Amino acid sequence: MRKLGVGLGLLLLGVLFVGWWLSRPPSSDLIFYGGPILTVNQQDEVVEALAVRDGVIVALGDTASVMTQRSANTRLIDLQGRALLPGFVAAHEHPTLTAVFAGAHDLSGFTHQSNAQVWSALRQAVADTPAGEWVYAGGLDALLVPDLKVPMREALDALAPDNPVLLISQTLHSAWANSMAFAEAGVTADTPDPGSGSFYERDEQGDFTGFIAETRAMAPFVAGLRAPLGLVGRYGETLDGYLSQGFTSVASLGYNLPPWMARLVALRDFRPRIRQFFYLVDSELQYLPDAPEQDDPYFRVLGVKLWHDGSPYTGSMLSSTPYLDSELGKMLGIEPGSHGAAMIGQDELVERLRRYSAAGWQVAIHSQGDESNRQVARALLAALPTEAASRQVRLEHSVLLPEDLLPELAKRGVSPSFHINHILYYGDRLADSIIGRHVAQQVLPVRRAFELQMHPSLHADSPMFPTEGYSLMQTAVTRQTSSGQTLNAAQAIDVRQALRAMTINAAWQLGIDQQAGSLEVGKWADLQIVDHSPYTVEAQRLHALQVQEVYVAGIRQFSRH
């Protein structure tokens with residue numbers, strides 16, 4: 001069956017490729033001029049003009065010299081004072097999950113400011129759904145909606161007696177369901193918990209409360225949202241959303257479409273609209289090729305994704321310090337004084353690191369808490385030789401990554417990707433109600449990672465937070481929460497470093513830094529035009545920069561006008 005699916009996918013891709021080849025327009029050479037061009041090369045040079053031929057940068061420098069590349073087939077693009085930059089490289093996102101939850105009703109704190117607004121929207125969603133059909137709602141967020149009251153199973157039964165209901169948190173690490181949803185998902189009193197921090201909460205009588213912890217326990221409930229036919233259109237829209245924010249490459253860290261389908265959906269006018277790089281989770285390992293492939297410039301499977309711990313917003317992040325006793329913590333289901341738990345045993349982690357790295361695969365490890373990171377570091381030192389290949393292992397999110405671990409990890413070529421907008425969106429609540437102010441002042445050591453030349457990147461972890469590259473850069477520079485509180489100011493970086501984290505460093509983590517991430521002769525013409533240069537705006541205004549156009553291999557894939 002697997003071979004049949006793969007064969008069908010390859011056949012469809014072959015047909016589409018032939019159609020693209022026969023219908024492709026003549027190659028158009030481009031010259032950009034008339035505005036600052038930020039190369040993000042080793043010297044962070046800013047030049048006047050840039051020339052593209054056949055999707056590759058062929059010249060850059062002063063306008064007069066670049067114009068010597070002009071031919072009868074060259075299209076001149078006057079930037080009119082706008083800035084030209086490398087396209088962003090999304091180091092850690094979830095396009096499939098983003099597409100999945102785009103099919104759910106929106107209850108997020110980004111669009112609803114009060115408990116009343118959230119439940120009004122949910123009641124309307126139930127009213128609009130025929131009896132018997134699933135009601136999926138996403139974005140439930142007690143951190144951004146301070147007065148939120150989460151209804152447990154019995155309250156959801158009363159709200160929607162004729163529909164299975166699943167409410168998914170903004171963090172994607174927890175959910176709430178009514179009785180009908182449990183029945184439809186086939187989860188009964190005899191169903192065992194998936195384990196390792198993933199479970200169905202039960203009360204003292206052994207009955208389900210409705211709370212569901214972590215993604216493995218949620219899987220039976222979201223089958224309807226993952227139906228391929230409904231997902232395909234939303235996946236294409238998700239890719240367009242990344243493009244509109246300046247991203248020309250996206251790394252998907254698990255919960256992926258089948259690779260053949262992801263390639264197919266990414267086509268527009270028989271051309272890939274964006275570059276995709278996949279890391280596979282355990283349930284997707286049937287798609288892991290026999291060996292790493294580096295030939296396809298638009299799609300590659302780079303390795304595997306492992307989880308060592310969970311989220312601070314469910315109490316599953318593994319921390320050496322206990323979670324606070326707070327009203328918010330209780331609402332989130334966090335047990336006061338608890339520390340979280342590892343989701344993979346130490347021996348298993350060492351074995352899998354050895355196995356995958358020996359085969360040449362990259363391993364991306366979700367590790368947020370300080371104790372989680374220490375255990376992961378010990379496993380890395382045990383599993384990898386001192387001469388381990390650079391970028392063999394990535395640390396994902398790295399919220400409480402201890403600074404004292406970094407020098408030894410840097411020697412092994414380990415590179416962190418920082419979930420920086422924890423500070424902006426949730427920083428106040430982390431400090432006041434979840435991990436405490438002292439611990440919160442140790443989060444996300446981005447500057448130290450730069451000092452050690454670890455090629456750190458920044459990410460949004462969409463759909464958890466909006467994939468807005470300039471917002472990520474702003475937070476990395478200012479370290480400010482939504483209220484203006486500053487967290488771990490000593491780890492602030494400057495705007496040039498922030499841009500590097502979004503471009504050349506992320507490209508380095510994906511192994512494409514020789515082809516992307518900076519504007520240099522011979523590299524892919526993956527470009528974004530922005531209304532102003534990030535080098536010249538105030539740090540507090542970086543988030544307001546607007547992407548005007550985006551090019552992938554010299555083909556315009558997004559225009560705001």
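A salt bridge is counted here where a side-chain nitrogen of Lys or Arg lies within 4 Å of a carboxyl oxygen of Asp or Glu, and the structure holds 24 salt bridges. The model is a predicted one, in which local features need pLDDT of at least 70 and side-chain atom pairs count only at pLDDT 80 or more, whereas totals for chains, interfaces and linings use all residues. Residues are numbered from 1 along each chain as its sequence is written, and side-chain values use heavy atoms, with hydrogens and water left out.

Three of these pairs are set out below.

| Salt bridge | N to O distance |
|---|---|
| Arg 391 – Asp 513 | 2.9 Å |
| Asp 432 – Arg 437 | 2.7 Å |
| Glu 520 – Lys 523 | 3.5 Å |

The side chains of Arg 391 and Asp 513 meet in a salt bridge, and this pair links distant parts of the chain, 122 residues apart: Arg 391 is in the loop between helix 12 (370–383) and strand 19 (393–397), and Asp 513 in the loop between helix 19 (504–509) and strand 22 (527–530). Helices (H or I, at least four residues) and strands (E, at least two) are DSSP runs numbered from the N terminus.

Burial is expressed as relative accessible area, with buried meaning under 20%, exposed over 50% and partly exposed in between (1.4 Å probe, protein chains only). On this scale Asp 513 counts as buried at 12%, while Arg 391 is partly exposed at 26%. Lys 523 is buried at 6%, whereas its partner Glu 520 is partly exposed at 32%. In the remaining pair of the table, Asp 432 is partly exposed at 40%, and Arg 437 is partly exposed at 49%.

Turning to the strands, six of them form an open sheet of mixed pairing in the order 7-8-9-10-12-11, where two strands pair if DSSP finds at least two bridges between them. Strand 7 (105–106) and strand 11 are the edge strands, each pairing on one side only. Strand 8 (residues 135–140) and strand 9 (residues 165–169) run parallel and are joined by five bridges, and Leu 140 stands opposite Ser 169 in strand 9.

The loop between strand 11 (199–202) and strand 12 (208–213) holds Asp 207, which is partly exposed, with a relative accessible area of 40%. Together with Glu 154, Asp 203 and Glu 204, Asp 207 gathers in a patch of negative charge on the surface; patches are made of residues with over 30% relative accessible area and no salt bridge, like charges being joined within 9 Å and nonpolar side chains (Val, Leu, Ile, Met, Phe, Trp, Tyr) within 5 Å.

Notes
Accessible areas come from the Shrake-Rupley method with a 1.4 Å probe; for residues, only the protein chains shown count as cover. Lys and Arg count as positive and Asp and Glu as negative; His and the chain ends are not counted. The place of a charge is taken as NZ of Lys, CZ of Arg, CG of Asp or CD of Glu.
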